Amino acid sequence: MTRIPSSPPTIAPLPPATARPLWSVMIPVYNCGQFLKETLKSVLAQALPEEQMQIEVVDDASSDIDVAALVHQVGKGRIHYFRQPQNMGSLRNFETCLNRSRGQLVHLLHGDDTVAPGYYRQIGQLFTQYPQAGAAFCRYQCIDEAGEKVYEKTPEQPYDGLLDNWLLRIGTRQQIQYVAMTVRREVYEKLGSFYGITYGEDWEMWVRIARHYPVAYTPQILAFYREHSISISGNKFLNGEHLQDLAQAMEMIQEHLPEEQKRQILKESRQYYAGYGLQVAHKLWDQLHNQQVVQAQIKQAFLLYKSPRLYLTSLKLKAILTLHKVWNRVSP
């Protein structure tokens, strides 16, 4: 079995006699032990009984801590635990989460993210109010390793409801983090699991869903996405692989878009993420002062899109690198 499937893996329907809670909170985990207790407590604090909510940690053979012991300590039997026989990679672990889920609504909650009190009540209300919705999500806040606010996502709309023109909007730019999104299990059964890439795979999935189903939304901030250096995305940022994956995601997304608009959307996506890549380059320079890392971002950004404005931005960044090199040569 390949770690990165080339097509959407099958999510099997459950046998008719299966006991079905409303919720499945499936928590994929790999070497995020320092944050996992906070994640689990944020779910337990919602105080939903087991007949309404399945909570299960799916451990991709972590080596940093004894995950089973932590789950037992925090969950006291309320949280189920499953460990992969070997490290399967993030996509296969997500696939396992979805196939092990029993609830009508599935929340993939990464083991370093958290939810605010009221997340499940509010998202559940959206599905009740809009039964045609295949998925629902909330506004989120990005936090750092210490739990401090980095930024708040701008609202998609100022009120609860179904999102208008959502396929074209999400097709142009990623707007959602896993922690904010809940999907009906039957949707995964119809459309399959995540595939193809390990950064931006969720973007393709949210577009895939938007192609087939209405999507509901609340502007309330009920989810907290943690940004840190040891995450999959953190590692990919160091060599520019995140931009390579995003370029592939854009091509995958093309098949879900209307024929008459897909070229323009691809152009807008490439332009936006090339600029984003240069912003990342500035941020990484401030953090690491590593010229190779910054050059990798610039190279990948210009493989996505070229424009005079982006060239000017890159020249300013390269000037900073040159001045730093000169300063190091002349300083005692």
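# Close-up views of a predicted model

**View 1. Glu-227 and its surroundings.** Beyond its neighbours within four places in sequence, Glu-227 is in contact (heavy atoms within 4.5 Å) with Cys-142, Ile-143, Asp-144, Glu-145, Val-150 and Lys-283. This is a predicted model: local features need pLDDT of at least 70, side-chain atom pairs count only at pLDDT 80 or more, and totals for chains, interfaces and linings use all residues. Residues are numbered from 1 along each chain as its sequence is written, and side-chain values use heavy atoms, with hydrogens and water left out. Glu-227 sits in the loop between S10 and helix H8 (232–237). Helices (H or I, at least four residues) and strands (E, at least two) are DSSP runs, numbered from the N terminus. With a relative accessible area of 30%, Glu-227 is partly exposed. Buried means under 20% relative accessible area, exposed over 50%, and partly exposed in between (1.4 Å probe, protein chains only). Glu-227 and Val-150 are 77 residues apart in sequence, and their C-alpha atoms are 8.5 Å apart in space.

**View 2. Strand S1 and its two partners.** How many of the seven residues of S1 are buried? Seven of the seven are, so the strand is mostly covered by the definition of buried given above. Trp-23, Val-25, Ile-27 and Val-29 are buried on one side. Ser-24, Met-26 and Pro-28 are buried on the other. In a regular strand the side chains alternate between the two faces of the sheet. S1 and S2 run parallel and are joined by seven bridges; strands pair if DSSP finds at least two bridges between them. Met-53 in S2 is the bridge partner of Trp-23. The chain passes from S1 through H1 to S2, and this β-α-β crossover is right-handed. That is, with the strands pointing away from the viewer, the path from the first strand over the helix to the second runs clockwise. S1 also runs parallel to strand S4 (residues 105–108), with four bridges joining them. Here Trp-23 stands opposite Leu-105.

View 3. Helix H1 covers residues 33–44. Which residues of H1 are buried? They are Gly-33, Phe-35, Leu-36, Thr-39, Leu-40, Ser-42 and Val-43. Seen down the axis of H1, these buried residues fall within an arc of 155°, so they line one face of the helix. The arc is that of the directions from the helix axis to the C-beta atoms. The buried residues pack against several elements, including strand S2 (53–59), helix H2 (67–75) and helix H4 (119–129).

View 4. Met-181 and Val-183 point one way from strand S9 (residues 181–184). Thr-182 and Arg-184 point the other way, and all are buried. S4 and S9 run antiparallel, joined by two bridges. Val-106 has Val-183 as its bridge partner in S9. Strand S6 (residues 135–143) also runs antiparallel to S9, with three bridges. Phe-137 stands opposite Met-181.

**View 5. The nonpolar core around Trp-206.** The largest nonpolar core has 101 residues. Such a core is a set of buried Ala, Val, Leu, Ile, Met, Phe, Trp, Tyr and Cys residues joined through side-chain atoms within 4.5 Å. Tyr-188, Phe-194, Trp-206 and Ile-209 have the most contacts inside this core. Helix H10 (residues 262–288) gives the most to the core, with nine residues. Leaving aside neighbours within four places in sequence, the contacts of Trp-206 include Ile-170, Tyr-178, Met-181, Val-183, Tyr-188 and Phe-194. In soluble globular proteins, nonpolar side chains tend to be buried together.

**View 6. Helix H9 and Ala-247.** The 14 residues of helix H9 (residues 241–254) should span 20 Å at 1.5 Å a residue, and the end C-alpha atoms are 20 Å apart, which agrees. H9 is mostly covered, with 10 of its 14 residues buried. Among them are Leu-243, Leu-246, Ala-247, Met-250 and Ile-253. Ala-247 has a relative accessible area of 19% and is buried. Its C-alpha atom is separated by 6.9 Å from that of Leu-304, 57 residues apart along the chain.

**View 7. Two positive phi angles in loops.** Ala-61 has a positive phi of about 60° although it is not a glycine. Ala-61 lies in the loop between S2 and H2. Lys-76 has a positive phi of about 50°, and it is not a glycine either. Lys-76 is in the loop between H2 and strand S3 (80–83). Which of these is buried or exposed? Ala-61 is buried, at 16% relative accessible area, whereas Lys-76 is exposed, at 68%.

Note on methods: The expected span of a helix is 1.5 Å times one less than its number of residues.
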